[in-house]
Amino acid sequence: MARVLLFGRLADQAGWREREVEAGSLSALRASIANDDAALAEALAGPGVQVAVDKALVRGEAALAAATEVAFLPPMSGG
Amino acid sequence: MITLTEAPFEPGALLTDFCKGRDETGAVASFVGLARAEGGNASILELEAYPGFTENVIAAFAVGAAGRFGLQDWRIVHRVGRIAPGEAVVFVATASRHRRAAFEACDFLMDWLKSRAPFWKKEHGPDGARWIEPTAQDRTDAERWD
């Protein structure tokens with residue numbers, strides 16, 4: 001189970017901020033979300049959205065172990 | 001040191017603390033950013049951070065800035081959560097042997113914090129809430145240092 005965190009407009013769009021998702025990889029996680037909410041999966045793959053796995057930014061695919069934290073970060077606005 | 005806080009903070013007290021015990025520091029520069037009311041169009045500013053990630057990214061950037069400008073020390077305090085107009089949003093202080101480095105590093109840190117730091121910003125006003133992206137001016141300010 002990965003712990004998925006959404007921030008900013010992505011959380012507003014999804015209607016949730018945190019959820020457990022069963023997935024062994026980032027692509028499996030995206031597919032699982034798409035199954036549930038295709039528009040959200042599209043937004044998570046949208047321009048400027050970055051992904052952090054256990055608080056480190058990753059590009060492309062990543063393996064997910066149990067209790068991995070996956071965060072989807074929309075373009076950062078600054079403070 | 002970077003601190004994120006949901007509670008309002010008193011900038012003067014932070015500056016007093018930062019200046020204490022410095023017998024080799026010739027210069028301390030500081031900046032305080034306040035939330036604007038925008039003529040009643042912004043009743044509340046809401047800032048979201050990713051706890052653990054946001055502090056690490058800011059600290060890594062500030063350590064780099066300290067090296068670039070030869071700072072002796074730096075301090076950043078940033079509000080998160082709901083912020084009312086007139087309240088302090090951000091405090092930055094820099095310490096160096098001479099004033100130029102302190103001034104420039106403070107300016108540099110603020111330009112980056114305003115445009116590239118990992119926050120998500122929502123403005124609540126009379127017509128509802130909207131997410132804010134960095135302004136073109138914020139980007140231009142940050143690019144001055146690239």
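Visitor: In what order do the 5 strands of the open sheet in chain A stand, and what is their pairing?
Guide: Going across the sheet of chain A, the order is β2-β1-β5-β3-β4, and the pairing is mixed. At the edges you'll find β2 (18-21) and β4 (56-58) of chain A; each has a single partner strand, so one side of each lacks a neighbour in the sheet. From one strand to the next, the twist averages 30°. By the way, you're looking at a predicted model: local features need pLDDT of at least 70, side-chain atom pairs count only at pLDDT 80 or more, and totals for chains, interfaces and linings use all residues. Residues are numbered from 1 along each chain as its sequence is written, while chains are lettered from A and ligands numbered from 1 in the order in which they are written.

Visitor: How do you know that β1 and β5 of chain A pair?
Guide: Two strands pair if DSSP finds at least two bridges between them. Strand β1 (residues 2-6) and strand β5 (residues 69-73) of chain A are joined by 4 bridges, so they meet that rule, and they run parallel. L5(A), for one, has A71(A) in β5(A) as its bridge partner. Strands are DSSP runs of E with at least two residues, helices are runs of H or I with at least four, and the numbering starts at the N terminus.

Visitor: Which helix packs on that sheet of chain A, and what does it touch?
Guide: That's helix α2 (residues 26-36) of chain A, touching β1, β2, β3 (50-53) and β5 of chain A. Its direction makes about 110° with that of β2(A). Such angles run from 0 to 180 degrees between N-to-C directions, with axes fitted to C-alpha atoms, for helices over the stretch in contact.

Visitor: What makes A71(A) a contact of residues in both chains?
Guide: Contact here means that two C-beta atoms, placed from the backbone, lie within 7 Å. Leaving aside neighbours within four places in sequence, A71(A) is in contact with L5(A), F7(A) and A52(A), and also with Y50(B) and F53(B). Across the whole interface, 13 residues of chain A are in contact with 23 residues of chain B. On the chain A side, α1 (8-14) and β5 are the elements that give two or more residues.

Visitor: How confident is the predictor in the complex and in chain B?
Guide: The complex gets an ipTM of 0.92 and a pTM of 0.92. Chain B averages a pLDDT of 94, and 100% of its residues score at least 70. pLDDT is the predictor's confidence in each residue, on a scale from 0 to 100.

Visitor: What makes strand β4 of chain B largely enclosed?
Guide: In β4 (residues 73-79) of chain B, 5 of the 7 residues are buried, so the rest of the structure largely encloses this strand. β4(B) runs parallel to β1(B), joined by 4 bridges; there, L4(B) has H78(B) as its bridge partner. With strand β6 (residues 88-96) of chain B, β4(B) pairs in the antiparallel sense over 6 bridges. One spot to look at is W74(B), opposite T94(B) in β6(B).

Visitor: Which strands are at the edges of the open sheet of 4 strands in chain B?
Guide: That sheet has the order β5-β3-β7-β8, with antiparallel pairing. β5 (81-83) and β8 (128-132) of chain B are its edge strands, as each pairs on one side only. Here the twist averages 25° from one strand to the next.

Visitor: How do you know that the side chains of β3(B) alternate?
Guide: L45(B), L47(B) and A49(B) point to one face and are buried. As for partners, L45(B) has I83(B) in β5(B), whereas I44(B) stands opposite H124(B) in β7(B).

Terms used. A residue is buried if 20 or more other C-beta atoms lie within 10 Å of its own, exposed if 12 or fewer, and partly exposed in between; C-beta atoms are placed from the backbone.
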